[in-house]
Amino acid sequence: MTDAVFDFREVEVRDVSKHYGRRRALAHVELTGRAGEILGLLGPNGAGKSTLLSVLATLMRPSGGEVRYGGRLAQEVGDRLRGRIGVLGHDLYLYGDLTARENLEFFGRLHRVANLKVRVDQALDAARLTDRARERVSGFSRGLRQRLALERSLIHDPRLVLLDEPFTGLDDASTTALADRLRSLRDAGTLIVMATHDFDSADGLVDRAWCLQSGRARLLEAAGPGLGSLRERYRRALVEASA
Amino acid sequence: MIGVFRAAWIIARKDLVVEARSRELAYTTLFFALSCVLVFSFALVHGAESPGADRATDAAFHSQLAAGILWVSIAFSGTLALGRTFERERQSETLRALLLAPVEHAAVYLGKLVTLLVLMFGVDLVVLPVVGFLFDAPLGAAPGLLLGVIAAGTLGFAAVGTLFAAMLVRAHSRDVLLPILLYPIAIPVILAGVRGTAAIFAAEPDLGSAFLWFSMLVFFDLVFVTLALWTFGPAMGE
């Protein structure tokens with residue numbers, strides 16, 4: 001297996017379906033994202049948002065259809081593809097018995113991050129946790145862990161970032177800081193796919209959004225004068241989907 | 001991408017740091033192993049002494065009993081450690097983060113195996129002298145071969161156990177299922193360990209027989225580790 005860095009500028013989800021036995025989690029989902037975009041996945045609980053994120057993260061194989069990263073399938077690229085994907089799940093993927101710095105160093109080593117110490121210092125600074133770097137994560141509040149987990153998912157400068165409810169547990173200041181961080185990532189050429197229920201935080205942040213319901217994805221109208229807020233456009237899409 | 005062995009070491013070192021802080025696994029497995037040895041020794045040895053039995057029969061029986069109790073304590077305490085090692089990765093779903101890292105999934109298996117081996121070897125080194133003392137077992141008869149049998153048997157048990165513990169990490173009744181699945185597969189390792197250890201513990205050690213059992217354990221290790229490395233990735237798929 002070659003050790004060359006793999007990169008891509010586009011992710012295409014083509015006719016992807018996913019079944020758990022008889023239950024349908026995703027049905028013929030179509031979605032395309034390019035580097036420098038923030039995509040929103042909206043929908044009620046159990047709509048298939050987390051399943052779609054798992055498929056994009058290569059943690060699940062679709063039952064039908066395919067996902068292409070820069071035109072290539074995940075199995076064609078192998079383990080190197082995972083080095084270009086960052087995931088912040090609903091569970092934060094942090095070790096409570098390790099300190100904030102040790103968590104970042106551990107994942108940085110696994111991702112073979114160059115200049116690890118400098119990179120970890122930057123990540124701690126971005127998470128505003130420099131002064132608590134030597135404290136165990138088990139003593140952190142949900143909001144602090146959420147900030148650290150975001151930096152953990154970004155420690156290797158991924159091209160594709162998958163976020164599942166990233167605003168959970170954050171106060172207003174942290175929500176604003178997270179939105180700013182995501183905008184700066186988008187400007188740097190990162191493709192971000194975000195599943196969220198927080199319409200207020202996502203409004204004005206996502207470039208395009210899909211409404212998922214019963215495994216089906218529907219592209220929301222683009223934001224524009226007279227089209228209403230993200231919440232209003234989402235509600236209209238739900239009504240149209242059920243009509 | 002980093003190599004399998006380097007990634008395995010990074011994962012094992014992280015686990016050992018966590019364990020050094022909590023000492024949860026070390027204390028519980030050690031306490032459990034010593035309890036097993038003490039309970040069995042007081043219950044079986046005193047009850048097994050019969051005035052009519054000749055000394056040679058009694059000595060042979062004691063050597064086999066000592067070997068059996070040693071391996072029962074290793075297997076039981078190892079099972080306890082297996083479950084908890086992966087329970088830690090279940091909290092906060094860190095196992096998913098490991099599987100998302102750009103390393104071969106075999107590295108996750110090897111890292112967990114190394115952690116478990118360090119822990120189980122530590123327990124072995126404490127339990128072995130206790131068994132020697134309680135049963136008057138000749139630990140110095142063939143110390144190299146004895147350590148080889150114990151190490152090879154522990155590796156075989158941990159190799160299968162690590163695979164099953166990983167496969168069951170998302171199962172609801174994993175604590176019940178682990179011994180049910182593990183022991184039937186691990187029985188050849190435990191039996192070879194018992195026979196090899198009993199041959200060394202005998203009043204007149206049968207080193208030829210002990211070496212044969214040791215060779216068999218090495219064979220089991222090669223088969224189990226190879227099969228586990230081969231199946232771990234697909235088993236962790238979804």
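**Entry 1: Tyr93(A)**

I looked up Tyr93(A) and found it in the loop between strand 6 (85-88) and helix 4 (100-110) of chain A. Helices here are DSSP runs of H or I with at least four residues, strands are runs of E with at least two, and both are numbered from the N terminus. The model is predicted, so local features need pLDDT of at least 70 and side-chain atom pairs count only at pLDDT 80 or more, while totals for chains, interfaces and linings use all residues. Residues are numbered from 1 along each chain as its sequence is written, and chains are lettered from A and ligands numbered from 1 in the order in which they are written.

Tyr93(A) is not a glycine, yet I read a positive phi of about 55 degrees for it. Is Tyr93(A) buried or exposed? It has 20 C-beta neighbours inside 10 Å and therefore counts as buried. The cut-offs are 20 or more other C-beta atoms within 10 Å of a residue's own for buried, 12 or fewer for exposed, and partly exposed in between, with C-beta atoms placed from the backbone. I also checked Tyr93(A) against Ala179(A): they are 86 residues apart in sequence and 21 Å apart in space, C-alpha to C-alpha.

**Entry 2: helix 1 of chain A and Thr58(A)**

I went through helix 1 of chain A and found 7 of its 8 residues buried, so the helix is mostly covered. Among the buried residues are Lys49(A), Thr51(A) and Leu52(A). Just after this helix, Thr58(A) takes a positive phi of about 70 degrees, although Thr58(A) is not a glycine. Thr58(A) sits in the loop between helix 1 (49-56) and strand 4 (64-69) of chain A. Thr58(A) has 20 other C-beta atoms within 10 Å and is therefore buried.

**Entry 3: His156(A)**

I placed His156(A) in the loop between helix 6 (142-154) and strand 7 (160-164) of chain A. His156(A) is buried, with 21 other C-beta atoms within 10 Å. His156(A) and Leu110(A) are 46 residues apart in sequence, and their C-alpha atoms are 9.5 Å apart in space.

**Entry 4: helix pairs**

Axes are lines fitted to C-alpha atoms, for helices over the stretch in contact, and angles run from 0 to 180 degrees between N-to-C directions. Angles under 35 degrees count as roughly parallel, over 145 as roughly antiparallel, 65 to 115 as roughly perpendicular and the rest as oblique.

In chain A, helix 4 and helix 5 (residues 116-126) pack at an angle of about 130 degrees, with their axes 10 Å apart. That makes helix 4 of chain A oblique to helix 5 of chain A.

**Entry 5: nonpolar core**

Which residues touch the most other members of the largest nonpolar core? Of its 142 residues, they are Leu162(A) and Met194(A). Such a core is a set of buried Ala, Val, Leu, Ile, Met, Phe, Trp, Tyr and Cys residues joined through C-beta atoms within 7 Å. Helix 5 (residues 105-135) of chain B gives the largest share of this core, 14 residues.
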